[in-house]
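Here is a structure to work through by question and answer. Take a look before reading on.

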Amino acid sequence: MTDFGNPGTSRHVTNGLQPRQVLHLLWAVPVAILLCLPAAVLAGISWCGISGCSGGGYGLDTSDAGLAVQACVFAAVVMGLPFALIPWLKPRTVRIVLALPIGAVWGLLMAVVTHGIFPWQIG
């Protein structure tokens, strides 16, 4: 019996880590971080105003705190997208399940850095 197939070029789908696709995270994650920088600046200014969270003698301005939360949520989504969209891990559902906590932790880190350790306690 003659084997006409070429077993060296079979195209089967493997589960697990995709080493060549992981390299795309090396450029996509820094791009996501750069896209999050304006949101961090906006969140930092919106939490407490230009005078800072101490109030600077003028009192604490929390009127734009909602905008700061939106900026942190935006940063969380932007950071989670590369981990969810780039096929660095098979199957897709595992990537999405991992991207959600990565994005959430990034958004919380953004809130902690721009406001303080407990950003939900304004005042």
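Q: Does Trp88 count as buried or exposed, and at what relative accessibility?
A: This is a predicted model, in which local features need pLDDT of at least 70, side-chain atom pairs count only at pLDDT 80 or more, and totals for chains, interfaces and linings use all residues. Residues are numbered from 1 along each chain as its sequence is written, and side-chain values use heavy atoms, with hydrogens and water left out. Buried means under 20% relative accessible area, exposed over 50%, and partly exposed in between (1.4 Å probe, protein chains only). Trp88 therefore counts as buried, at 13%.

Q: What is the mean pLDDT of the chain?
A: pLDDT is the predictor's confidence in each residue, from 0 to 100. Where it is low, the predicted coordinates should not be read in detail. In this chain, 71% of the residues reach 70 or more. The mean is 82.

Q: Which pattern does the chain follow along the sequence?
A: Helices (H or I, at least four residues) and strands (E, at least two) are DSSP runs, numbered from the N terminus. The chain has three helices and two strands. Read in sequence order, the pattern is β-α-α-β-α.

Q: Where is confidence highest?
A: Strand β1 (residues 16-17) has the lowest confidence, at a mean of 82. The highest value is 94. That value belongs to α2.

Q: How do the rings of Phe83 and Trp88 pair: stacked, tilted or edge-to-face?
A: Rings of Phe, Tyr and Trp (its six-membered ring) pair if their centres lie within 6.5 Å; planes under 30 degrees apart count as stacked, over 60 as edge-to-face and the rest as tilted. The structure holds one aromatic pair. The ring centres of Phe83 and Trp88 are 6.3 Å apart and the planes stand at 80 degrees, so the pair is edge-to-face.

Q: Why does Phe83 count as buried?
A: The cut-off for buried is under 20% relative accessible area. Phe83 is buried because its relative accessible area is 14%.

Q: Which residues make the nonpolar surface patch of about 450 Å²?
A: Like charges are joined within 9 Å, nonpolar side chains (Val, Leu, Ile, Met, Phe, Trp, Tyr) within 5 Å. Val77, in helix α2 (residues 65-85), is partly exposed at 48%, while Leu85 is exposed at 62%. The patch is made by Val69, Val73, Val77, Leu81 and Leu85.

Q: How many Å separate the C-alpha atoms of Gln18 and Pro87?
A: Gln18 lies in the loop between β1 and α1. Its relative accessible area is 16%, so Gln18 is buried. Gln18 and Pro87 are 69 residues apart along the chain. Their C-alpha atoms are separated by 7.4 Å.

Methods:
Patch = residues over 30% accessible without salt bridge, like charges linked within 9 Å, V, L, I, M, F, W, Y side chains within 5 Å. Areas by Shrake-Rupley, 256 points an atom, 1.4 Å probe, with all protein chains shown as cover. Salt bridge = Lys/Arg side-chain N within 4 Å of Asp/Glu carboxyl O.
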